[in-house]
Each structure stands twice: as C-alpha cells, then as structure tokens.
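The sequence and structure come first.

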Amino acid sequence: MSTFNGSRRAVLLGTLAALALGATACGSSGSSNPLGGGSSASAGATASGGAASGGSGGSGGTVVVGSANFPENVLLGSIYSQALKAKGVKVQEKFNIGSREVLYGQLQSGNLTVLPEYNGALLAYLDAKNTAVTTPDVNAALTKALPASLAILDSSPAEDKDSLSVTQETADKYSLKSITDLAAKAGEFTIGGPPEFKTRREQQFKDVYGLTFKEWKPTADTTANALKDGSIQVGNVFTTDPKIVQYKLVPLSDPKNVFGAQNVTPLVNKAGVDANATAALNAVSAKLDTAGLTALMKRVSVDKEDPSAVAKDWLKSNGLG
C-alpha cells in the first residue's frame with residue numbers, strides 16, 4: 001500500500017485479541033496502515049474536521065465519496081467515485097481527509113456517504129477484543145458492531161494485509177505456495193520484517209504452522225529489498241505493496257489465518273445510498289482482487305501516474321466505466 005504519515009500499517013489482526021490492534025510501522029514505501037489509528041469508535045464518532053459538508057442523499061441526492069490520506073485509499077475512492085458516476089449518480093469527492101478517527105465521524109454525521117474501508121482494521125477499531133479472522137466472520141461481527149446508520153456493502157477479494165513473501169526463485173526452487181510449505185525449510189531461512197514482528201509473531205508461527213526460522217532480522221521498510229538481494233529468504237510484505245510486482249515476489253497463502261482478513265470493503269451511510277449506488281459499488285467489489293490492486297498501486301506509487309487516470313483505466317477494462 002501507500003505511505004500513511006510516513007509509516008507502514010498499524011493493524012495486525014491475529015488469533016489473539018492482544019494482536020487485534022497492532023499499532024506498528026512496518027513494511028515498505030508502497031503502502032500503509034489502512035486508515036491507521038487505535039482510538040475507540042466513540043472518539044471517532046465525535047471527531048471533527050477534514051470533510052466539508054457536501055450533503056448526501058438517497059435517490060437523486062449527492063453521494064460524497066471520501067478517502068484517507070494515503071495513495072491506495074485515494075485510488076480506491078476514485079474507483080468508487082467514477083463507478084458511481086458511470087451509473088448516473090451525482091458524486092462529490094472529498095479525498096485525502098485524514099485518519100479513521102476523522103473519517104468515521106464524518107460518515108456518521110452524513111458529511112460523507114461512502115468510504116473505502118478494510119474490514120479487519122475497521123472491526124479492530126470498533127471492537128478491539130474481537131478475534132474474528134475470516135472474511136465471513138469479520139463481516140458478521142462488523143454488521144453487529146456498526147451503528148444502525150452505517151453499513152458495509154460487499155467485500156472485495158482484494159486485501160491489503162500482512163503476508164510472508166518469498167522471491168519467485170525461492171518459491172520455484174522449494175515448491176512454496178503456502179506458509180505451510182515453509183515447515184521443511186524454515187530452519188534454513190532468515191525472515192525479515194518490522195522490529196516488533198518477531199515479538200508478535202514468532203510464537204504464532206511455531207504454534208500454528210510449526211515454523212522455527214534460522215534468524216529474524218529487523219528489516220522494516222527495506223524488507224522487499226532484502227528479499228530481492230537475498231539477505232533474507234522470507235519477508236513480511238503487505239499484499240498490495242507495489243514492490244511485489246516490481247520485484248516479482250510471491251506472497252504465500254495463509255490457510256490457517258494467522259493474518260486476519262483485510263478485505264477492501266465499502267462503508268456507507270445508509271441514508272445516502274440507493275439501490276443503484278449500492279449495485280455500482282458491489283460491482284466494483286466483485287471485480288477487484290489483490291493482484292489487480294497491487295498492479296494498480298505500482299502505477300500510482302512507482303510509476304507516479306495520476307490515481308484518477310489509473311482508476312478510469314481499471315473501470316474501463318472491467319466493463320464498469
């Protein structure tokens with residue numbers, strides 16, 4: 001993902017409640033914590049600033065699409081906005097607003113109508129003790145946790161979440177497709193990630209996957225680069241980091257859900273979206289996957305293309321623009 005206040009993402013959802021809100025900086029220059037922040041939902045509900053009052057309404061009203069202040073969220077906001085416009089919805093854009101504390105309050109007040117959210121991070125914000133990790137469980141918990149005025153629409157397969165990644169060469173050499181496949185070789189591999197990654201995840205990897213790595217290196221923002229130059233063999237890289245595309249890295253699947261769901265999901269003020277707007281946003285979710293979002297983020301963060309132009313191309317290529 002993109003940078004958020006110069007740091008990597010803050011939410012690491014695991015099977016332990018203590019990990020539900022990982023307020024850390026980690027990863028790479030490609031991405032950041034989806035709407036980071038560890039404040040309570042009640043604080044968010046009273047936060048002010050950021051979005052100007054645009055007014056949102058149901059059928060015939062203006063739908064105000066907001067975003068946080070990091071490139072991936074701006075890109076997603078632009079995708080939502082242009083998808084809505086393509087269906088004849090009147091849209092106002094309020095991008096680069098700020099953190100979840102501000103955005104959530106603005107959505108509750110009706111100053112914003114639609115936000116690109118990340119379901120696991122949003123659940124951790126609303127209920128830090130919840131231990132749901134799969135997409136269905138996270139969304140079920142979110143539906144209960146959200147106030148009556150707000151709702152999530154369909155989650156996309158696209159996730160911006162932690163991964164254990166390897167180079168294509170390593171994946172091919174050792175037939176690595178999932179974290180489970182690391183068990184036979186972990187003792188020969190050095191793993192890299194943010195400084196706190198070892199403390200937070202070492203025991204989980206042992207307990208859940210039976211992994212004991214040769215060495216843990218604090219690689220922080222250089223993790224993807226360290227994979228590329230061979231100084232580590234496994235790295236904690238976020239799944240929409242454009243360096244995955246740039247360096248041809250392979251995120252290993254996580255069948256036992258050590259890393260909880262972080263699906264890109266529209267969060268809406270229900271009074272502001274009608275059936276037409278809802279269908280347009282759900283159609284985006286149906287088409288957006290992690291590999292596609294990662295490729296888009298390479299264009300935005302590495303190639304420095306305009307997010308609105310990248311969004312337009314994606315919508316057109318998927319029959320939504």
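How many aromatic pairs does a search of the whole structure find? The search finds 9 aromatic pairs, where rings of Phe, Tyr and Trp (its six-membered ring) pair if their centres lie within 6.5 Å, and planes under 30 degrees apart count as stacked, over 60 as edge-to-face and the rest as tilted.

The model is predicted: local features need pLDDT of at least 70, side-chain atom pairs count only at pLDDT 80 or more, and totals for chains, interfaces and linings use all residues. Residues are numbered from 1 along each chain as its sequence is written, and side-chain values use heavy atoms, without hydrogens and water.

Two of the pairs are listed here.

| Pair | Centre to centre | Angle between planes | Type |
|---|---|---|---|
| Tyr174 and Phe189 | 5.4 Å | 70° | edge-to-face |
| Phe205 and Phe213 | 6.4 Å | 80° | edge-to-face |

Tyr174 belongs to helix α6 (residues 168-174) and Phe189 to the loop between α6 and β6 (190-193), so their pair ties together parts 15 residues apart in sequence. Helices (H or I, at least four residues) and strands (E, at least two) are DSSP runs, numbered from the N terminus.

Tyr174 is partly exposed at 26% relative accessibility, while Phe189 is buried at 3%. Buried means under 20% relative accessible area, exposed over 50%, and partly exposed in between (1.4 Å probe, protein chains only). Phe205 is buried at 0%, and Phe213 is buried at 8%. Phe205 and Phe213 also belong to one aromatic cluster with Phe197, Trp216 and Phe259.
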